[in-house]
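Thanks for coming, everyone. I'll take a few minutes to walk through one structure. Please have a look at it first.

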Amino acid sequence: MFLRLHKIFDVQRQQLLRARKFAPLGVRDDLEHVRTQNWQAAPTPQDLLCRHVEITGPGNDAKMVINALNSQADGYMFDLEDSMSPTVANVRDAHQNIRRIVDGTLAFETVDKSYRLNEQRQPTFHVRARGLHLPHHDGGSAMLYDIAEFLEGSAHQMIDAGKQPYLYIPKLESYEEAVFVNTVLEECEDYLSLPAGIVKTTVL
C-alpha cells in the first residue's frame, strides 16, 4: 500500500511545495469562506476527551514503550519522529513494536527483570509519524510509509478490539498540507476497507 500511496501523491506533494508562497503572518483572505461557514467537526471519541497528561518516547525502545504503556498517563504518543534517529533498524524495530503492542505480545528481558504490558487501563495510544519533509530510507515519503505501515498492519485488529487508530501528524506548515494528509488517510481507509473517518489525528 505504501508504494501505491507514494505513486499517487508524490507528484501532487512536489507541486504543492514548489508552488508555496510564504506570506506575512496573519489571517488568510482566501480562507474567509471557511471561517464564515456554518460547519461542525465530527464528535471526539470518548478516549480522546481527557488529555491532561500525555507522555512520549522513542518507538524503537521496547523497555521505554512498555513503561509508558504501564503508566497512568491519559495518553501515550509512540514517537517515530524527533525522539528516534530514523535509521533502517530503528524504524523497523518501532513498527514491529507497534504490532506487538496491538496484539499484546510486547516484552523486554534484562538479566534482572522482565518487562511486560500490564492488564490495567493503558494510556490512549497515538502513533506519531515522521514529518512530511523527511524521506524514508528507500527514497519515498517517511510520513506515507509510517501511516501505511501502521494502518495496514494494525488498524483492523485495533477496531476488532474496540479501539480506534490514532495518529499524531507533526510539522505541517499550511492548510494545503493538512488537506493532503487528510486525502492520504481517506485513501488508506478506502483501500483497507476501514470505516470512513475512523482514523483520528492530532496535528501540529
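Let's start with one residue. Asp79 is buried, with a relative accessible area of 2%. Buried here means under 20% relative accessible area, exposed means over 50%, and partly exposed is in between, using a 1.4 Å probe and protein chains only.

Before going on, a word on the source. This is a predicted model, so local features need pLDDT of at least 70, side-chain atom pairs count only at pLDDT 80 or more, and totals for chains, interfaces and linings use all residues. Residues are numbered from 1 along each chain as its sequence is written, and side-chain values use heavy atoms, with hydrogens and water left out.

Back to Asp79. It lies in strand β2. Helices (H or I, at least four residues) and strands (E, at least two) are DSSP runs, numbered from the N terminus. What does Asp79 touch, leaving aside its neighbours within four places in sequence? The list is Thr56, Gly57, Pro58, Gly59, Met84 and Arg128. Contact means heavy atoms within 4.5 Å.

Now Arg128. In β5, Arg128 is the bridge partner of Asp79. Strands β2 and β5 pair in the parallel sense, over five bridges. Two strands pair if DSSP finds at least two bridges between them. On the β6 side, Arg128 stands opposite Tyr168. From β5 the chain crosses through α5 to β6, and this β-α-β crossover is right-handed. Right-handed means that, with the strands pointing away from the viewer, the path from the first strand over the helix to the second runs clockwise.

**The whole sheet**

Let's zoom out. Five strands form an open sheet, in the order β1-β2-β5-β6-β7, with parallel pairing. Which strands are at the edges? They are β1 (54–58) and β7 (200–203), and each pairs on one side only. Neighbouring strands of this sheet are turned by 25° against each other on average, direction ignored. Axes are lines fitted to C-alpha atoms, for helices over the stretch in contact, and angles run from 0 to 180 degrees between N-to-C directions.

Two helices to point out. Helix α3 (residues 62–69) packs on the sheet and touches β1, β2 (75–79) and β5; its direction makes about 165° with that of β2. Helix α5 (residues 142–160) also packs on the sheet, touching β5 and β6, and its direction makes about 165° with that of β6.

Next, the other end. Strands β6 and β7 pair in the parallel sense over four bridges. Tyr166 stands opposite Lys200 in β7. The chain goes from β6 through helix α6 (residues 175–191) to β7, and this crossover is right-handed too.

Is β5 enclosed or open? Five of its five residues are buried, so β5 is largely enclosed by the rest of the structure. Thr124, His126 and Arg128 point one way, while Phe125 and Val127 point the other way. Val127 stands opposite Leu167 in β6.

How many aromatic pairs does the structure hold? Four. Rings of Phe, Tyr and Trp (its six-membered ring) pair if their centres lie within 6.5 Å; planes under 30 degrees apart count as stacked, over 60 as edge-to-face and the rest as tilted.

Take Tyr76 and Phe78. Their ring centres are 6.4 Å apart and their planes are at 75°, so the pair is edge-to-face. Tyr76 is buried at 1% relative accessible area, and Phe78 is buried at 0%. Tyr76 also pairs with Phe125, and that pair is tilted: 6.3 Å centre to centre, 35° between the planes. This pair links distant parts of the chain, with Tyr76 in β2 and Phe125 in β5, 49 residues apart. Tyr76, Phe78 and Phe125 form one aromatic cluster.

**Overall numbers**

To finish, the totals. The protein has six helices and seven strands. Of its 204 residues, 41% count as buried. Among contacts between residues at least 6 apart in sequence, 69% join residues at least 24 apart.
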